[in-house]
Amino acid sequence: MSNTEKEKELSEATEEMLVEESNVEGDSSESLDDLDLVSQIEKLTQEKEALFQRLLVSEADMKNLRRRTEIDLANAHKFALEKFVKELLPCLDAVEAEINELNKKDNLSEDLAQFKEGSELTYRMLLNAVEKFGVKQIAPTGESLNPDLHQAIAVVPMPGKESNEIIDVTQKGYTLNDRLVRAALVVVAQ
């Protein structure tokens, strides 16, 4: 073999090796690209799952917020009259006290009898008006003491009565939609 033939063979072998190396490098670069794509897909899948979980939590929070807001709004409507009722109670108490004093008198003049009748009518009208808006009167004479609705102002030894039985109501209590506005002031048997 001549030098030119050897050089030619050597260059052909070198070219073949370069082609093979490039094929091998291409395969490895392809496999590296595949690995990068797989890791990117996994990363994106994890990000998608995290975002989906955040979306579910946000939806649940919004649902809870909406529900709480509806409840708060309903309570605001239900108990909006509470301040007004508290201001009206002394008026009811005054008319009731007036009627009680007139009931204690035996011989009322015709004018006082008409005045008493008008006071009773006014009292009933006031009670009916507030009852239409959910106000209920607590007059617990004869009942057992309930600390949630009654406030004992005195305890009196009373034979023949059960312990904690209410024997007198000093001031009637009131509720608004089953929520206590004012406790009844009561005297309790011991």
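β3 and strand β6 (residues 184–189) pair in the antiparallel sense, with four bridges between them; strands count as paired if DSSP finds at least two bridges between them. This is a predicted model, where local features need pLDDT of at least 70, side-chain atom pairs count only at pLDDT 80 or more, and totals for chains, interfaces and linings use all residues. Residues are numbered from 1 along each chain as its sequence is written, and side-chain values use heavy atoms, leaving out hydrogens and water.

**Overall layout**

- The protein has three helices and six strands, and these are DSSP runs numbered from the N terminus: H or I of at least four residues for helices, E of at least two for strands.
- Reading from the N terminus, the order of elements is α-α-α-β-β-β-β-β-β.
- Of the 190 residues, 19% count as buried, with buried meaning under 20% relative accessible area, exposed over 50%, and partly exposed in between (1.4 Å probe, protein chains only).
- The accessible surface comes to about 14500 Å², and 55% of that belongs to carbon and sulfur atoms; areas are from the Shrake-Rupley method with a 1.4 Å probe, and for residues only the protein chains shown count as cover.
- Take the contacts between residues at least 6 apart in sequence, and 63% of them join residues at least 24 apart; a contact means heavy atoms within 4.5 Å.

**The three-stranded sheet**

- β2, β6 and β3 make an open sheet in the order β2-β6-β3, with mixed pairing.
- β2 (150–156) and β3 (166–171) stand at the edges with a single partner strand each, so one side of each has no neighbour in the sheet.
- From one strand to the next, the twist averages 30°.
- Valine 169 sits opposite valine 186 in β6.
- Over in β2 you'll find histidine 150, which is buried with a relative accessible area of 6%.
- Leaving aside residues up to four places away in sequence, histidine 150 touches Ile138, Pro140, Glu143, Ser144, Leu145, Ile166, Ala183, Ala184 and Val186.

- β4 and strand β5 (residues 179–182) run antiparallel and are joined by three bridges.
- Tyrosine 174 has arginine 182 in β5 as its bridge partner.
- The two strands form a hairpin with two residues between them, and asparagine 177 in the turn has a positive phi of about 50°.

**Helix packing**

- The axes of α2 and α3 come within 10 Å and cross at roughly 150°; axes are lines fitted to C-alpha atoms, for helices over the stretch in contact, with angles from 0 to 180 degrees between N-to-C directions.
- That crossing of α2 and α3 is left-handed, meaning the near helix is turned anticlockwise from the far one by less than a right angle.
- On the α2 side the contacts include Leu88, Leu92, Val95 and Ile99, and among their counterparts in α3 are Leu112, Phe115, Tyr123 and Leu126.

**Nonpolar cores**

- The largest nonpolar core has 14 residues, and those with the most contacts inside it are Leu89, Leu92, Tyr123, Val135 and Tyr174; such a core is a set of buried Ala, Val, Leu, Ile, Met, Phe, Trp, Tyr and Cys residues joined through side-chain atoms within 4.5 Å.
- α2 (82–104), α3 (110–131) and β4 (173–176) are the elements giving two or more residues to this core, and the largest share, six residues, comes from α2.
- Leucine 92 touches Tyr123, Leu126, Leu127 and Tyr174, not counting residues up to four places away in sequence.
- A second, separate core of six residues includes Ile138, Ile166, Val169 and Ala184.
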